[in-house]
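Trainee: I'd like to learn how to read a model like this one. Can we go through it feature by feature?

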Amino acid sequence: MELSGKGSIQQLDKGGNGRKPRGKCRKWRLWQTADGKRMSRRFEGTYSEAQDALQAFRAELAGAVPNGELFASYAAHWRDMRASMGSLDSSTLRNDARNVRTLCRVFGSVPMDAMTPERVREGIAGLRNGGGASGRVLSGTYLSNVFSSLSSMMQQAADDGRIAANPCASVEAPKPDTQEREALTVAQMDALYSALDSEMRRKPHGRYPALLIMLDCGLRSEEALALRPEDVDTASRMVHVKRALKDATHEIGKTKSKAGVRSVPMTERLSESCAFWDSVRRRWLPESETFCCSSSGGVLYGGTLRRWWMRNRGRLGCSGFTIHQLRHSNLTKMARYMSPFDLKRWAGWSSLAPAMVYVHDDMDALKSAVAASESPHLHRHVAG
């Protein structure tokens, strides 16, 4: 039979004052549309067991051929298939390989047709409680990423007819627990800018314009390090983002997404700083491929820039701040002055979802908005 939809579970138990809480219900009806007809089956047990029963019911209706292929074998196939597509960047493929290794430690010897929702829940719980390679407890963010790969993998197997249904569909995904990143205040940003600009004028180096561009334009480090000399137009005060430096391979390629290709206006101070650096670069390193180049005129790599930042951030008044927090700080600042749509363009986001991570609470901005709403010139009444 051909299945439509993911099926559903209807609660049948009734309490004294109506329907029982789901956690106390033990009677269910399983529904699934097959060949255009609504099919059902009664089931007694917990809701978690009913979810597993629904998957078994779907498999029965679909007439799925039992698949004894081990998870480890299919996971390797899925990983290699994604690599052969040629459309995924190196960081995504490394993430795939890492997640497959993690998942195989738990599910590697499990047959694909034995990957039930219950087995998935038990495996994810095992990973959380000391399932890392070193035996350490894994973070929610890491588990969320691993579960996303597992769900994608099992959905592909279901779409290809290797299993009846994706067992992850009825499993609650682990919640990320990434801590909110702190942003520099505007005063701290100004002090850092002045310090970096002064150092650049005393001892010019491509690391300084890279950091200044991140600080004033909110670029990602991989975008700043891939800028060509012609991409930094100090005359029109524009930075044209067209490429990104891949951290793992040291190759310059496409930006993180299509939205990453954009033009960002420069502040007056950044235009002056970049003009100074460009005059030095043209004199001593005229053949450099990138604007923020190394002292030899070659590409300045992200690891090199991060190591310098880690060694020097303390004396620059930024102890504990990562280099990526320069971008966080800029986006937090610019969020005060831009509409959500304009902020998305400025940041190079495909959607506004990253704002939950990159833009921080700003009580001063809220107070300013209230004060502005109380301004007399805003309250104009049209005479009747």
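Mentor: Helices (H or I, at least four residues) and strands (E, at least two) are DSSP runs, numbered from the N terminus. Strand β7 (residues 238–241) pairs with β10 in the antiparallel sense, over 4 bridges. Keep in mind that this is a predicted model: local features need pLDDT of at least 70, side-chain atom pairs count only at pLDDT 80 or more, and totals for chains, interfaces and linings use all residues. Residues are numbered from 1 along each chain as its sequence is written, and side-chain values use heavy atoms, with hydrogens and water left out.

Trainee: Which residue of β10 is the bridge partner of His 240?

Mentor: Ser 263 is the partner of His 240.

Trainee: And in what order do the strands of the open sheet run?

Mentor: In general, strands of a sheet pair through backbone hydrogen bonds, either parallel or antiparallel. Here the 3 strands are ordered β6-β7-β10, with antiparallel pairing. The edges are β6 (232–233) and β10 (262–265), each pairing on one side only.

Trainee: Now aromatics. How many aromatic pairs does the structure hold?

Mentor: A pair of aromatic rings is described by the distance of the centres and the angle of the planes. Rings of Phe, Tyr and Trp (its six-membered ring) pair if their centres lie within 6.5 Å; planes under 30 degrees apart count as stacked, over 60 as edge-to-face and the rest as tilted. The structure holds 3 such pairs. One of them is Tyr 208 with Trp 308, edge-to-face at 5.7 Å centre to centre and 85° between the planes. This pair links distant parts of the chain: Tyr 208 is in helix α7 (residues 207–217) and Trp 308 in helix α10 (residues 302–312), 100 residues apart.

Trainee: Is Ser 149 buried or exposed?

Mentor: Buried means under 20% relative accessible area, exposed over 50%, partly exposed in between (1.4 Å probe, protein chains only). Ser 149 counts as buried because its relative accessibility is 6%. Tyr 208 and Trp 308 are buried too.

Trainee: What does the side chain of Ser 149 make a polar contact with?

Mentor: A polar contact is a pair of N or O atoms within 3.5 Å; within protein, one must be able to donate a hydrogen and the other to accept it, and residues adjacent in sequence count only if both atoms are side-chain atoms. Ser 149, in helix α5 (residues 140–159), has such a contact with the side chain of Asn 99, at 2.8 Å.

Key. Two strands pair if DSSP finds at least two bridges between them.
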